[in-house]
Amino acid sequence: MRPFWVADSSIWFDLEAGGILGVALQLEAQWACPDVLLPELRENPEGRALEGLGVEVCELPGTDVAQVFELAASNPRPSRVDLFALVLARSRQGILLTGDSDLRRLAESLGVEVHGIFWILDQLAGSRITNAEAASALDQI
């Protein structure tokens, strides 16, 4: 069974900016994002295009949406949209991928495994891209 990875908007933007979105989606994982995040991804990458690339776009059930609002009431940061990514990762026992330090701290406090762009680059380097390509992607990000 492939691991379930939920990316917030910062990760999608970084993958696109680094020119590694396509290769990252080839990693042995089921990539996902909450449906409420798609409006933030109007271009580069365009949110609706992610589905065509194999990303699972998830609508959270009412009980999960209630968790988002509970977390938002006691955590002014991160954004509500980012909280949807956290709750999705938590409910599906997945890994949250984010560049947002507030979201990272909250995820860790809730016992959700969380990583950022450096971790993704580590997953890619040596297997899908060279170390030089990883360094170049990081420069572009």
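Q: Where does Leu53 lie?
A: Leu53 sits in the loop between helix H3 (47–52) and strand E3 (56–58). Keep in mind that this is a predicted model.

Q: Is Leu53 buried, exposed or partly exposed?
A: Leu53 is partly exposed, with a relative accessible area of 49%.

Q: Which residues does Leu53 touch, leaving out those up to four places away in sequence?
A: Leu21 and Leu25.

Q: And how far is Leu53 from Arg90?
A: Their C-alpha atoms are 23 Å apart. Along the chain, Leu53 and Arg90 are separated by 37 residues.

Q: What about Cys33, then? How far off is the nearest cysteine sulfur?
A: The nearest one belongs to Cys58, and it is 7.4 Å away. Cys33 is in no disulfide.

Q: Let's move to helix H6. Which of its residues are buried?
A: H6 covers residues 101–109, and Leu103, Leu106 and Ala107 are buried there. Seen down the axis, the buried residues fall within an arc of 100 degrees, so they line one face of the helix.

Q: What is on the face turned away from that side of H6?
A: The exposed residues Arg105 and Ser109.

Q: What do the buried residues of H6 pack against?
A: Three elements: helix H5 (80–91), strand E4 (95–97) and strand E5 (114–115).

Q: Tell me about H5 and H6. At what angle do they pack?
A: The angle is about 35 degrees, and the axes are 11 Å apart. The crossing of H5 and H6 is right-handed.

Q: Which residues meet there?
A: From H5, Asp82, Leu83 and Leu86. They meet Leu103, Leu106 and Ala107 of H6.

Q: What caps the N-terminal end of H6?
A: Asp100 does. One of its side-chain oxygens lies 2.8 Å from the backbone nitrogen of Asp102.

Q: And just after H6, what does Gly111 do?
A: Gly111 takes a positive phi of about 80 degrees.

Q: Which residue other than glycine has a positive phi?
A: Gln93 has one, with phi near 55 degrees. Most residues other than glycine have a negative phi.

Q: Where is Gln93, and is that spot buried or exposed?
A: Gln93 is in the loop between H5 and E4. At 74% relative accessibility, Gln93 counts as exposed.

Q: Which residues does a cis peptide bond join?
A: Arg77 and Pro78, with omega at about 10 degrees. Most peptide bonds are trans.

Q: Where does Pro78 lie?
A: In the loop between helix H4 (62–74) and H5. Asn75 is in the loop between H4 and H5 too.

Q: What does the side chain of Asn75 reach?
A: It reaches the backbone oxygen of Leu71, at 2.9 Å. Asn75 counts as buried, at 18% relative accessibility.

Q: What does Leu138 touch, beyond residues up to four places away in sequence?
A: Phe118 and Leu121.

Q: How far is Leu138 from Asp14?
A: The C-alpha atoms are 8.6 Å apart. Along the chain, 124 residues separate Leu138 and Asp14.

Q: Last one. Where does Phe13 lie?
A: Phe13 is in helix H1, residues 9–17. At 33% relative accessibility, Phe13 counts as partly exposed.

Q: And how far is Phe13 from Pro45?
A: Their C-alpha atoms are separated by 6.7 Å. Phe13 and Pro45 are 32 residues apart along the chain.

Definitions and conventions:
Residues numbered from 1 in each chain as written. Predicted model: local features only at pLDDT ≥ 70, side-chain atom pairs only at ≥ 80, totals over all residues. Heavy atoms only, no water. Disulfide = S-S within 2.5 Å. Buried < 20%, exposed > 50% of the residue type's maximum accessible area, 1.4 Å probe, protein only. Helix = DSSP H or I, 4+ residues; strand = E, 2+ residues; numbered from the N terminus. Arc of directions from axis to C-beta. Contact = heavy atoms within 4.5 Å. Polar contact = N/O pair within 3.5 Å; in protein donor to acceptor, adjacent residues only side chain to side chain. Axes fitted to C-alpha atoms, helices over the stretch in contact; angles between N-to-C directions. Left-handed = near helix turned anticlockwise from the far one by under 90°.
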